[in-house]
Amino acid sequence: MIWPWRDRNRDVSWLKAGTLALMFAPAIWILHQLATEQFGPVPLGGLTYWSGLWATALLTLALAVTPAMAIFRLRRLILVRRMIGVTALCYTAAHIVIYFALRSFDFTHIAHEMATRASLIVATVSTLGLIALGATSLDAAVARIGARGWQRLHNTVYAVSALALVHYLLSPGIYPDQYLMSGLFAWLMAWRALDRRGLGADAIALALLAVAASLFTALLEAGWIWAYHGYEPIGTLANNLSLELGVAPAWKVLGLGLLIAAACAGRRAQRLKVPGLAARGSTDAHA
């Protein structure tokens, strides 16, 4: 057995150790909110919401590892991708148990909801898929299934993540994080399409992707709130231009996307600058 803070050579990996510590941060924050009575008169409601949000956020973060590896040449991040995905499964399990507690462990009522509520039907399918991915995340599963079959199975993470987001969108309330997560997921999926065309680390393509993902986020928010809650799309779109309700999800997606594009451009400029300096030093030495 290899402890989660060690690499395959059984040496301590500070990247894995640091990531493992960060995986506890959401749970600590949730427990602090609970202890300070920040979840209001029905704390199980807040616990249900935030455990689900962090499960979705960590699943999204796991999907972001591959782009980070390609754009910033951070190959060692592959060491923590599995850890992040398994942690997302743990938060999902906690989310389910808390939901059961919210329903007073009335499994007859819970079963009825799971069979009749669209959000819970979608959540059940997503959770079963996530469990299958978690159960086959070990190296032994790769050897048993075969690399090609294992890869096909784990490519279903995109569908599992999409279903988790649909479950989140089908929540009774309106939460900005629903659209922020959806916009980031759209960016991650579109990036994979760009990468297949050799543009995954192209700064201009990434800047255009940021704009497209931002527009998608704004339109999704306006369209979904109109279809699901009955609010006029024009009003929702107008809220994106106001700070009265905080920074809109579309602007957050745009800002993060442009920051990634700028960082990519800066890294490329630095790589081009270093050979130029080396060539100039060589010329000066010969002179």
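In the predicted model, tyrosine 228 has a relative accessible area of 38% and is therefore partly exposed. Its aromatic partner is tryptophan 224, the two rings forming a tilted pair with 5.9 Å from centre to centre and 50° between the planes. Both residues belong to helix α11, which comprises residues 203–229, and they are 4 residues apart, or about one turn of the helix. Such a spacing matters because an α-helix has 3.6 residues a turn, so that residues three or four places apart point the same way. Tryptophan 224, with a relative accessibility of 23%, likewise counts as partly exposed.

Aromatic pairs number 8 in the structure. Another of them is formed by tyrosine 49 and tyrosine 175, which are also tilted, at 4.5 Å centre to centre and 40° between the planes. Because tyrosine 49 lies in helix α3 whereas tyrosine 175 lies in the loop between α9 and α10 (176–196), this pair ties together parts that are 126 residues apart in sequence. Tyrosine 49 is buried, its relative accessible area being 18%, while tyrosine 175 is partly exposed at 30% relative accessibility. Both tyrosines are members of one aromatic cluster, which also takes in Trp29, Trp50 and Tyr168.

Helix α8, made up of residues 147–154, has Gly149, Trp150 and His154 as its buried residues. Viewed down the axis of α8, these buried residues fall within an arc of 130°, so they line one face of the helix. The cover over them includes α6 (118–135), α7 (139–145) and α9 (157–169), whereas the face of α8 turned away from the buried side carries the exposed residues Arg148 and Arg152.

Arginine 73, although not a glycine, has a positive phi of about 55°; it is placed in the loop between α3 (43–72) and α4 (78–102), and at 38% relative accessibility it counts as partly exposed. For phenylalanine 105, which is not a glycine either, phi is again positive at about 55°. Phenylalanine 105 occurs in the loop between α4 and α5 (107–116) and is partly exposed, with a relative accessible area of 44%.

Terms used: Residues numbered from 1 in each chain as written. Predicted model: local features only at pLDDT ≥ 70, side-chain atom pairs only at ≥ 80, totals over all residues. Heavy atoms only, no water. Helix = DSSP H or I, 4+ residues; strand = E, 2+ residues; numbered from the N terminus. Buried < 20%, exposed > 50% of the residue type's maximum accessible area, 1.4 Å probe, protein only. Arc of directions from axis to C-beta. Contact = heavy atoms within 4.5 Å. Phe/Tyr/Trp six-rings, centres within 6.5 Å; stacked < 30°, edge-to-face > 60°.
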